Amino acid sequence: MQFKNFLDSLPDATLWAGKRFYQRHDVHLNDFYYWDISGPGAGVENIDVGVGKLSFAVTRNTEQGGAYGWNYNPITKKWESTRDLDKDVYNDVFDVRLADLEVNKNGKLEIGLDYGNSHTKNHASRVEGASKNGYMLTLEHTQGEFFGGFNKFTVQYATDAMTSWSTGHSQGGSNTNKGHMLRLINQGVVAPSDKVEVMYALIYEKTDLDNHQGKTWYSAGVRPMYKWTDTMSTLVEVGYDRIKDQQTGLKN
């Protein structure tokens, strides 16, 4: 459900509620969504604040089996744990973004902060040592008119509950994700001629966890395309990926 131009004072803003894909950012070459809080929620987006467009949103994702509850036994007159029964943990993500900041000719900056916080229902408790919450900060610069295409450079930093998916979704019921994540992405498209286009992507992602179960991911890819006609083209894709284990230092 969406309401555009719902206030005269906010002519370009949209008020929304429901389940939707929300302002997803991806590396098309890798089919990798690195900023995606999609799900049920509500928010207001594209508020013109003069220097850019401001958006607020709250979404929720459910984490199965991350909690346990307590039941009162009237016979023993004691509270008894239901640790053997999986209960859900509910993660709310609060998202704030300021986009379309003009920082140079044909260049725009977007800044985003996502805070994930978990909670339970019916007197349930999270597993011992659960991360409970975390945040993710995103800075993204998009350069237009870049050799006939564009270049996009992204920096992301996440902590604790936001390191599991590393996309903006939170997993506060887990006790294995305490730590931090740093991600650098450079991607884009260049068009040397009307017949030739080249898509490229470079990704560096390092996740350091307190339990030493993190990893470092390196990825590089290029996809040149030649247009034979307006309706036919040929593409070739070459890529390289490598994972380094935090605990052992071994690479795949």
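Predicted model: local features only at pLDDT ≥ 70, side-chain atom pairs only at ≥ 80, totals over all residues.
The protein chain contains 0 helices and 18 strands. Along the principal axes, the C-alpha trace extends over about 80 × 60 × 35 Å. Of the 252 residues in the chain, 39% are classed as buried. The accessible surface amounts to about 14300 Å², and carbon and sulfur atoms contribute 55% of this area. Among contacts with a separation of 6 or more, 54% are between residues 24 or more positions apart.

Charged pairs were examined next. Side chains of opposite charge can pair when their charged atoms come close. The structure has 7 salt bridges. One of them joins arginine 20 to glutamate 45, with 2.8 Å between the closest N and O atoms. This pair connects distant parts of the chain, since arginine 20 belongs to strand β2 (residues 14–20) and glutamate 45 to strand β5 (residues 39–48), 25 residues apart. Glutamate 45 has a relative accessible area of 7% and is therefore classed as buried, the limit for that class being under 20%.

Another salt bridge is formed by glutamate 205 and arginine 183, where the closest N and O atoms are also separated by 2.8 Å. Here strand β15 (residues 196–209), which holds glutamate 205, is linked to strand β14, which holds arginine 183; the two residues are 22 residues apart and lie in distant parts of the chain. Both glutamate 205 and arginine 183 are buried. These two residues also take part in a network of salt bridges together with Lys215.

In a further salt bridge, the side chains of glutamate 237 and arginine 223 meet at 2.7 Å, N to O. Glutamate 237 is placed in the loop between β17 (233–235) and β18 (238–245), whereas arginine 223 lies in strand β16 (residues 215–227); the pair, 14 residues apart, links distant parts of the chain. The two partners fall into separate accessibility classes: glutamate 237 is partly exposed because its relative accessibility is 48%, while arginine 223 is buried because its value is 17%.

A pair of aromatic rings is described by the distance of the centres and the angle of the planes. The structure contains 7 aromatic pairs. In one of these, tyrosine 135 and tyrosine 157 adopt a tilted arrangement, with 6.3 Å from centre to centre and 50 degrees between the planes. The pair bridges distant parts of the chain, with tyrosine 135 in strand β12 and tyrosine 157 in strand β13, 22 residues apart. Tyrosine 135 is partly exposed, as its relative accessibility is 35%; tyrosine 157 is likewise partly exposed, at 32%. Elsewhere, Phe32, Tyr34 and Trp217 are joined into a cluster by ring pairs.

Tyr135 and Tyr157 also belong to a nonpolar patch on the surface, whose other members are Val58, Phe94, Ile111, Leu113, Tyr115, Leu137, Leu139, Phe153, Leu182 and Leu184; the accessible area of the patch is about 930 Å² in total. Two or more residues of the patch come from each of the elements β10 (107–119), β12 (133–146), β13 (149–159) and β14 (179–190). Isoleucine 111 is located in strand β10.

Two individual residues complete the description. Serine 166 is situated in the loop between β13 and β14. Despite this loop position, serine 166 is buried, because its relative accessible area is 4%. The serine 166 side chain comes to 2.8 Å from the backbone oxygen of threonine 163. Apart from residues up to four places away in sequence, serine 166 touches Tyr34, Met136, Met181 and Arg183. Among these contacts, Tyr34 is a member of the ring cluster and Arg183 is part of the salt-bridge network.

Leucine 54 is part of strand β6 (residues 53–68). Beyond neighbours within four places in sequence, leucine 54 is in contact with Val44, Glu45, Asn46, Ile47, Val49, Val96, Arg97 and Leu98. One of these partners, Glu45, forms the salt bridge with arginine 20.

How values were computed: Residues numbered from 1 in each chain as written. Heavy atoms only, no water. Patch = residues over 30% accessible without salt bridge, like charges linked within 9 Å, V, L, I, M, F, W, Y side chains within 5 Å. Areas by Shrake-Rupley, 256 points an atom, 1.4 Å probe, with all protein chains shown as cover. Salt bridge = Lys/Arg side-chain N within 4 Å of Asp/Glu carboxyl O. Helix = DSSP H or I, 4+ residues; strand = E, 2+ residues; numbered from the N terminus. Buried < 20%, exposed > 50% of the residue type's maximum accessible area, 1.4 Å probe, protein only. Polar contact = N/O pair within 3.5 Å; in protein donor to acceptor, adjacent residues only side chain to side chain. Contact = heavy atoms within 4.5 Å. Phe/Tyr/Trp six-rings, centres within 6.5 Å; stacked < 30°, edge-to-face > 60°.
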